[in-house]
2 protein chains.
Amino acid sequence: MFRKCILAAQSYVPGEQPQDKTIIKLNTNENPFQPSLRVNDAVSNALTALNRYPEPTSHVVRNAISELCGIPTHQIVVGNGSDEILSLILRATIDPEDTVGMLDVTYSLYNVLVRLQGGVVVEYPTDNMFIPKKLPSTLNEKLILLASPNAPAGNLLPKLWIEEVCQKVPGLVVIDEAYIDFASKDHLHLLKQFDNVLITRTLSKGYALAGVRLGYVLASEHVITELNKVRDSYNVDRLAQEIAVAALRDQSYYQQVWSKIKTLRTTLAHDLEELDCTVLPSEANFLLVRPQWVSAKELYERLKEKGVLVRYFGQSRLEDYVRITIGTEKELDILSSYLSELRKNRDFLDRQKS
Amino acid sequence: MFRKCILAAQSYVPGEQPQDKTIIKLNTNENPFQPSLRVNDAVSNALTALNRYPEPTSHVVRNAISELCGIPTHQIVVGNGSDEILSLILRATIDPEDTVGMLDVTYSLYNVLVRLQGGVVVEYPTDNMFIPKKLPSTLNEKLILLASPNAPAGNLLPKLWIEEVCQKVPGLVVIDEAYIDFASKDHLHLLKQFDNVLITRTLSKGYALAGVRLGYVLASEHVITELNKVRDSYNVDRLAQEIAVAALRDQSYYQQVWSKIKTLRTTLAHDLEELDCTVLPSEANFLLVRPQWVSAKELYERLKEKGVLVRYFGQSRLEDYVRITIGTEKELDILSSYLSELRKNRDFLDRQKS
């Protein structure tokens, strides 16, 4: 009764989402700060008409995005999180056996989405800093999915490398900018340069609205037309639309949030290095961290015992790393002091052994 | 760059959604009353953690549904409106050229969803009251989509006819209960009787929450497993989850709402018949109406000029009908008085002509 590709597919495994609020949650790259206070007023507005369908094209949200990015509203689709946007793109483009390109280490949802369509993943290799190596001389993919900043490493992909991808590939190139608000530059220029480029964004990370589900895509008009066919008419609810507009219009608040997170990122990276951890350079709201004196798995488990949740992936290339989301100053201080304590005990045990 | 089935597909055309609140909106079967007041408190709760991802399986919502229907939580999937639920079902089951059965006059989204998958629609004929005729001796469909109460006619499908469908078909049978809260009986017994039955429901109509997007499906566990693979991890946002639970738990309020709408339905049907309109028996929150003294198209247009929006479909079988949502008493009084006025002018013009 079910399609072969669905029976063969596996679910995406999201990070743990314990509902216990005493846990220090540094595992799924949420923003530790609250969203703009304007969101509360926006919610009150939406509450007066919950019995009515939302406006089907998220027109007010597209207006706010357009003002912010300088991209016209007819080049924007708004979705129920950028997860839905990515799903729309795959469903519009990938038939069984079609190939989809991506880096060998990247956001694991991409692989799941390709398999749901019965597509085939083509991996482009990265070096030990997770930076893409030289591209093959020809690219035949129907679609390429790139996260920049990439997850879970945190690096922006090199500008020339991305441009080469856009030029070489016959299909579409998605640049997933989920973490762009924490980065030093974006990829909007590529949208003007190449008509096969799609840029996806989310309000989950930068705008502290993971609980609301609001993502969007910027693309050429002919791409938007096809994505809108696949989209449910009322995919974004009234509350999410009102909240998104309020948040997008409060840039001055969010500039402060992003600046704070970048400062905390620098401090945390420094503290972790002092604690003999290797930290990859990051332009996102997380750090990929390799402890030198304990296995990543054990570190993850020890921290979890203490009520601090970080992300451990356990796959081969990531086996030695944990990914730590930038939390509040207080949360990161607690993390650092636990790490420091763990390391001291480890030294003590090592000394006893020898 | 796009799949053949997508390029060939057309978008679903939702009813008009003017944002002007002075319009009397009787065109998209929304509930004219406000949702339970408990929804407001629920929203306040959710506002404290919008920066965090929602619980991925909508566990609290499934609990509330389970208590209400007596179906265990592992037989429930919650979605971003029942539109998303229907889309999940089609994406999990239909490959290009697969056949999907449905009545020849039913919810027009079904046809759109089948075409998006490259599937082929098989229509089962209905009589002039939109009641299904005798089934073919064999059914080979991979999936059958039935709305009961059906839209836009409003009738419950005959029990024996549905049972025959469930027995005969090798594939899955979806019973879309979007309007079940206004009907005299539901189809839960079929879920126990047949393991190929899926029942979909929404909070848009009965619970006055069209703006929130919350639907769900009840099905056998093996069906739920496959649907969950296709579902985005965080498909239902925090606000929607909290709101849904609050609403589902306020049954006493909603019983009053449904009873009121059923009373208004009876009154409106009576008034329309007095005004020489044929009204089909309805178990939903709308009436399918055939005026005898004016074309349906003209009636739609005249009412629109007056600021009253009803639904006119214009396809062959529905050409002579408008569908009118049950609004508030005041809205329906205004509608009736406009109709009465129109008819008087019509009589006057007719008399002048003759």
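Trainee: Which word describes B:Arg52, buried or exposed?

Mentor: Burial is read from relative accessible area: under 20% is buried, over 50% is exposed and anything in between is partly exposed, with a 1.4 Å probe and protein chains only. B:Arg52 has a relative accessible area of 17%, and therefore counts as buried. Please keep in mind that this is a predicted model, in which local features need pLDDT of at least 70 and side-chain atom pairs count only at pLDDT 80 or more, while totals for chains, interfaces and linings use all residues. Residues are numbered from 1 along each chain as its sequence is written, chains are lettered from A and ligands numbered from 1 in the order in which they are written, and side-chain values use heavy atoms, with hydrogens and water left out.

Trainee: With which side chain does B:Arg52 meet in a salt bridge?

Mentor: A salt bridge is a side-chain nitrogen of Lys or Arg within 4 Å of a carboxyl oxygen of Asp or Glu. Here the partner is A:Glu30, with an N to O distance of 3.0 Å. Helices (H or I, at least four residues) and strands (E, at least two) are DSSP runs, numbered from the N terminus. A:Glu30 is buried, at 2% relative accessibility. A:Lys25 joins A:Glu30 and B:Arg52 in a network of salt bridges.

Trainee: How many salt bridges does the rule find across the interface of chain A and chain B?

Mentor: The rule finds 4 across that interface. In polar contact there are 42 residue pairs between chain A and chain B, both residues being at pLDDT 80 or more. On the side of chain A that touches chain B, the elements giving two or more residues are helix 1 (4–8), helix 2, helix 4 (81–93), helix 8 (221–230) and helix 9 (238–248) of chain A. By class, that side has 32 nonpolar, 21 polar and 20 charged residues. In this scheme Ala, Val, Leu, Ile, Met, Phe, Trp, Tyr, Cys and Pro are nonpolar, Asp, Glu, Lys and Arg are charged, and the others, Gly among them, are polar.

Trainee: How much area do chain A and chain B bury between them?

Mentor: The size of an interface is often given as the accessible area lost when the parts come together. The loss is taken with a 1.4 Å probe and summed over both parts. For chain A and chain B the figure is about 6400 Å², 52% of it on carbon and sulfur atoms. Contact (heavy atoms within 4.5 Å) takes 73 residues from chain A and 72 residues from chain B.

Trainee: Which residues does A:Asn51 touch?

Mentor: Leaving aside residues up to four places away in sequence, A:Asn51 touches several residues of chain B, including B:Glu30, B:Pro32, B:Phe33 and B:Leu209. A:Asn51 belongs to the loop between helix 2 (38–47) and helix 3 (59–69) of chain A, and is buried at a relative accessible area of 3%. A polar atom of the A:Asn51 side chain lies 2.8 Å from the backbone oxygen of B:Asn31.

Trainee: Where in chain B are B:Glu16 and B:Lys304, whose side chains meet in a salt bridge?

Mentor: Their N to O distance is 2.6 Å. B:Glu16 is in the loop between helix 1 (4–8) and strand 1 (24–26) of chain B, whereas B:Lys304 is in helix 11 (residues 296–305), 288 residues apart. B:Glu16 is partly exposed at 32% relative accessible area, and B:Lys304 is partly exposed at 37%.

Trainee: How many residues of strand 7 of chain B are buried?

Mentor: In strand 7 (residues 197–202), 6 of its 6 residues are buried. B:Val197, B:Ile199 and B:Arg201 are on one side, and B:Leu198, B:Thr200 and B:Thr202 are on the other. Two strands pair if DSSP finds at least two bridges between them. Strand 6 (residues 172–176) and strand 7 of chain B run parallel and are joined by 4 bridges; B:Val173 has B:Val197 as its bridge partner.

Trainee: How far apart in space are B:Ile324 and B:Leu268?

Mentor: Their C-alpha atoms are 9.7 Å apart, while the two residues are 56 residues apart in sequence. B:Ile324, in strand 12 (residues 322–325) of chain B, is buried with a relative accessible area of 1%. Among the residues that B:Ile324 touches are B:Leu268, B:Phe286 and B:Val310.

Terms used: A polar contact is a pair of N or O atoms within 3.5 Å; within protein, one must be able to donate a hydrogen and the other to accept it, and residues adjacent in sequence count only if both atoms are side-chain atoms. Buried area is the accessible area (1.4 Å probe) that two parts lose on being put together, summed over both.
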